[in-house]
Amino acid sequence: IRGTGKVTTKADVYSYGILLLEVFTRRKPTNECFDGDFTLRQWVAEAFPVAISDVIDGHLLKQNNCGMISDHVAEAHLLQQNNSKTVQNELLVMIMETGLSCSRKSPTERMDMTEVVARLKTIRWKASPLEE
């Protein structure tokens, strides 16, 4: 808890939330664009959920392009790619929502690690079709 020097599970949850935000934005809380009252968490929160792709690290959003393929196959691929982008966006929203929830200002409003693990398992389960 800030200022008390006590280490608690809620402090660990906060750190984990900030870590999630760091990993998926590729920005550190100490980045020069965050000064004064403007923080990494606030930056993500302002983009959440509609403009979440604006704060996600671009390397995570890149997709591989296929070479020349027939129109029919290309159309089916495009449909599948659009569907997987929708699922990918939903997963990113869930991940960033978890990071934001873990890093709430008030420790009593933060998720506990049991909830975090359950949420991450759900995200992994939803992501499994994208890995095929």
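Two residues are in contact when heavy atoms of theirs lie within 4.5 Å. In this predicted model, Glu97 is in contact with Phe48 and Arg119, leaving aside its neighbours within four places in sequence. Glu97 is found in helix 4. The C-alpha atoms of Glu97 and Phe48 are separated by 7.9 Å, although the two residues are 49 residues apart along the chain.

**The chain as a whole**

The secondary structure comes to 5 helices and 0 strands. Read from the N terminus on, the order of elements is α-α-α-α-α. The chain has 132 residues, and 27% of them are buried.

**The nonpolar core**

In soluble globular proteins, nonpolar side chains tend to be buried together. The largest nonpolar core of this model has 21 residues. Within this core, the residues with the most contacts are Leu21, Phe24, Val44, Ile52 and Met96. At least two core residues come from each of helix 1 (9-25), helix 2 (40-47), helix 4 (71-102) and helix 5 (113-127). Helix 4 gives the largest share, 7 residues.

Leaving aside its neighbours within four places in sequence, Leu21 is in contact with Arg26, Leu40, Arg41, Val44, Met96, Gly99, Leu100 and Ser103.

Which residues of helix 2 are buried? They are Leu40, Trp43, Val44 and Ala47. These four lie on the same side of helix 2, because they cover an arc of only 95° around the axis. An α-helix has 3.6 residues a turn, so residues three or four places apart point the same way.

**Thr25 and Asp57**

Thr25 lies in helix 1. The side chain of Thr25 reaches the backbone oxygen of Leu21 at 2.6 Å. Beyond its neighbours within four places in sequence, Thr25 is in contact with Leu40, Trp43, Val44, Val55, Asp57 and Met96.

Asp57 is found in the loop between helix 2 and helix 3 (58-61). With neighbours within four places in sequence again left aside, the contacts of Asp57 are Phe24, Thr25 and Arg26.

**Accessibility of single residues**

A residue counts as buried under 20%, as exposed over 50%, and as partly exposed in between.

| Residue | Relative accessibility | Class |
|---|---|---|
| Thr25 | 5% | buried |
| Cys33 | 32% | partly exposed |
| Asp57 | 13% | buried |
| Glu97 | 34% | partly exposed |
| Cys102 | 0% | buried |

Asp57, at 13%, counts as buried because the cut-off is 20%. Glu97, at 34%, counts as partly exposed.

**Cysteines**

How many disulfides does a search of the whole structure find? The search finds 0 disulfides. Cys33 is partly exposed at 32% relative accessibility, whereas Cys102 is buried, with a relative accessible area of 0%.

Technical notes: Residues are numbered from 1 along each chain as its sequence is written. This is a predicted model: local features need pLDDT of at least 70, side-chain atom pairs count only at pLDDT 80 or more; totals for chains, interfaces and linings use all residues. Side-chain values use heavy atoms; hydrogens and water are left out. A nonpolar core is a set of buried Ala, Val, Leu, Ile, Met, Phe, Trp, Tyr and Cys residues joined through side-chain atoms within 4.5 Å. Buried means under 20% relative accessible area, exposed over 50%, partly exposed in between (1.4 Å probe, protein chains only). The arc is that of the directions from the helix axis to the C-beta atoms. A disulfide is a pair of cysteine sulfur atoms within 2.5 Å. A polar contact is a pair of N or O atoms within 3.5 Å; within protein, one must be able to donate a hydrogen and the other to accept it, and residues adjacent in sequence count only if both atoms are side-chain atoms.
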